[in-house]
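Please open the model in a viewer and follow the selections below in order. Each stop names what to select and then describes what is found there.

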Amino acid sequence: MDRVGKLYKNIQRSGFLVLNFIVIFVSVFGQIPLGFGLAYLIYRKSVKGSGFFQAMVFLPMVISTIIIGILWSKMFSPIGVVPRIIQAITNNPNYSMTIMNSKQLAMIPIGFVLLWVYTGTYLIIFLANLQNIDPNIIEAAQIDGATDGQIFIKIIVPQLYGVIVLTSILAISGSLRSFDLLFTMTGGGPAYYTNLLAIYMYNYSFIHYNYGVGSAISTVMVILSIVLVILVRFVRRKVETMGA
Amino acid sequence: MSNVTLNTRKEQAIFNKLLIYILFIIFAILTLYPLIWLFYSSFKPILEIIRNALALPRDWIFSNYIQAIKIGKLNIYAVNSIIYTFVSTGLVIIFSMMASFAFAKIKNRATPFLYNSFLIGLLITIQAILIPLFISMTRIGLRDTRLGIIMIYVAINLPLAIFLGTEYVKAIPDSLIESAQIDGASYFRIFFSIIMPMCKPVMVTILIFTALACWNEFMLALVFTSSDSSRSLPVGIYSFSGPLATEYGMQFAALVIGMAPMIILYALFHRQITRGFAAGGAIKG
């Protein structure tokens with residue numbers, strides 16, 4: 001209990017729970033709506049060559065996350081592309097990038113990269129589930145004179161309600177254990193402000209060789225993920241009984 | 001375009017379509033541009049990278065690659081990564097298909113217990129077992145060996161493979177197996193002549209998941225390897241962000257080497273890969 005107490009104090013001091021919270025927020029309210037929206041547009045055949053666009057959005061998923069982390073930290077660094085674009089837009093050639101060194105702003109690139117990597121997964125999951133919806137229902141609604149907006153809100157969203165909840169929970173549990181991306185993008189800096197639970201555990205166990213505190217952190221992670229697993233089971237059962 | 005009044009329905013529809021296209025094209029550019037930028041920057045000398053970040057290289061040089069491989073020892077790490085990926089994926093496919101056959105078709109009282117004990121692996125986060133695993137691997141003497149890494153990779157990838165495989169084998173009708181048994185076929189014969197050929201689609205899914213996971217795995221390789229003979233490519237690439245962080249050209253070359261195989265594979269098999277993720281992605285977690 002002593003270790004857990006120490007851990008709790010450390011967490012309070014570093015304020016790093018904020019980051020965990022932001023990562024979860026981006027996952028649930030960024031990746032999922034974006035993935036859902038894009039999947040819906042592809043599903044309604046709004047674009048030609050949707051196979052190509054789908055492949056593009058999904059592409060980052062097959063690249064190693066550490067490569068993505070290093071690549072984007074270079075994109076946002078002073079030698080990268082992003083500062084040049086900002087220089088061109090603001091017409092200020094002396095602009096230099098300090099985003100990665102600032103406590104508050106370091107979240108912006110991280111959130112962006114999280115979207116860049118994981119939106120594709122949700123696109124694929126939602127598209128697969130959209131294609132399972134009985135097309136007769138939509139056709140019937142169209143015959144009754146429903147507009148596209150009405151069909152979306154009254155038919156599509158309720159049908160996929162369970163999937164939305166499930167993917168949200170998966171997104172939360174996935175972001176709790178994400179390690180590679182932030183480890184390479186920031187290494188926990190500036191001043192350990194961008195530490196995730198997993199990186200925190202790694203630093204304690206394998207940099208400072210303090211297995212006790214490391215184990216305490218991983219115990220916290222296990223408890224959190226067990227809670228989430230129980231939640232997933234519960235939602236799944238609810239959805240299955242709803243469908244039957 | 002701003003002076004066009006959108007009063008008719010048709011114009012509105014065209015406008016919407018245009019917006020959607022622009023949205024998708026932005027997404028495509030956002031995905032492709034960083035990769036293309038990385039690719040052509042890896043052929044620039046370091047001064048050019050710093051001065052003209054956006055420009056194409058004036059003359060394309062290969063010395064970044066040669067140096068990255070020499071200094072970063074990427075050739076050794078690449079061999080290690082290939083060994084890990086091939087051996088682990090092969091073992092996972094064989095083990096998981098055998099286990100799936102047994103769990104789905106050979107029923108006895110222990111089956112549900114054994115099956116569920118594998119499925120628990122789906123729920124465990126790797127970080128949760130990292131410290132105990134590290135300590136026990138060190139005690140056994142398997143830390144920093146190729147065998148140790150392969151064992152861990154097989155173990156963490158088996159649960160999902162067994163889950164997908166068992167669900168698939170369950171759908172094969174019992175009558176097929178029974179008629180083979182009447183004809184005198186042994187379990188091994190049934191497995192190799194009936195089950196394996198019928199399970200090709202799910203084997204492809206398992207192959208994709210496991211190969212991607214093993215090739216891209218970083219955290220375990222970072223913790224469990226320390227010598228050149230066992231480090232994998234991601235760890236080698238990561239080492240460029242240490243003291244070599246300002247050697248941008250070399251670092252870019254290393255990144256390209258790390259991601260090129262997966263991008264080529266994706267270009268060839270992206271249909272199977274996305275389908276595999278649609279099947280398995282919803283379960284994982």
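Rings of Phe, Tyr and Trp (its six-membered ring) form a pair if their centres lie within 6.5 Å. The model on screen is a predicted one.

**Aromatic rings**

Begin by selecting A:F183, A:Y202, A:F206, A:Y211, B:F134, B:F218, B:F224 and B:Y238, which ring pairs link into a cluster. Over all chains, the count of aromatic pairs comes to 32.

Next, select A:F53 and B:F24. Their ring centres are 5.3 Å apart and their planes stand at 45°, so the pair is tilted. This pair crosses between chains: A:F53 belongs to helix 3 (residues 50–58) of chain A, and B:F24 to helix 1 (residues 9–41) of chain B. Both A:F53 and B:F24 are buried.

Then move to A:W72 and A:F112, an edge-to-face aromatic pair with 5.1 Å from centre to centre and 70° between the planes. A:W72 lies in helix 4 (residues 65–76) of chain A and A:F112 in helix 6 of chain A, so the pair ties together parts that are 40 residues apart in sequence. A:W72 is buried, at 2% relative accessible area, whereas A:F112 is partly exposed, at 28%.

Remain in helix 6 (residues 107–130) of chain A and select A:T121. Is A:T121 buried or exposed? With a relative accessibility of 15%, A:T121 counts as buried. Apart from neighbours within four places in sequence, A:T121 is in contact with A:F58 and A:M61.

**Salt bridges**

Select B:K73 and B:D228, whose closest N and O atoms are 2.9 Å apart in a salt bridge. B:K73 sits in the loop between helix 3 (63–72) and helix 4 (74–105) of chain B, while B:D228 sits in the loop between helix 11 (219–224) and helix 12 (233–238), so that the pair links distant parts of the chain, 155 residues apart. B:K73 is partly exposed, at 34% relative accessibility, and B:D228 is partly exposed, at 27%.

Proceed to B:K105 and B:D174, a salt bridge with its closest N and O atoms 2.8 Å apart. B:K105 is in helix 4 of chain B and B:D174 in helix 8 (residues 174–182), 69 residues apart. B:K105 is buried, at 17% relative accessible area, whereas B:D174 is partly exposed, at 44%.

Finally, select B:E167 and B:K170, whose side chains meet in a salt bridge (3.8 Å, N to O). Both lie in helix 7 (residues 146–170) of chain B, three residues apart, about one turn of the helix.

Note on methods:
Residues are numbered from 1 along each chain as its sequence is written. Chains are lettered from A and ligands numbered from 1 in the order in which they are written. This is a predicted model: local features need pLDDT of at least 70, side-chain atom pairs count only at pLDDT 80 or more; totals for chains, interfaces and linings use all residues. Side-chain values use heavy atoms; hydrogens and water are left out. Helices (H or I, at least four residues) and strands (E, at least two) are DSSP runs, numbered from the N terminus. Buried means under 20% relative accessible area, exposed over 50%, partly exposed in between (1.4 Å probe, protein chains only). Contact means heavy atoms within 4.5 Å. Rings of Phe, Tyr and Trp (its six-membered ring) pair if their centres lie within 6.5 Å; planes under 30 degrees apart count as stacked, over 60 as edge-to-face and the rest as tilted. A salt bridge is a side-chain nitrogen of Lys or Arg within 4 Å of a carboxyl oxygen of Asp or Glu.
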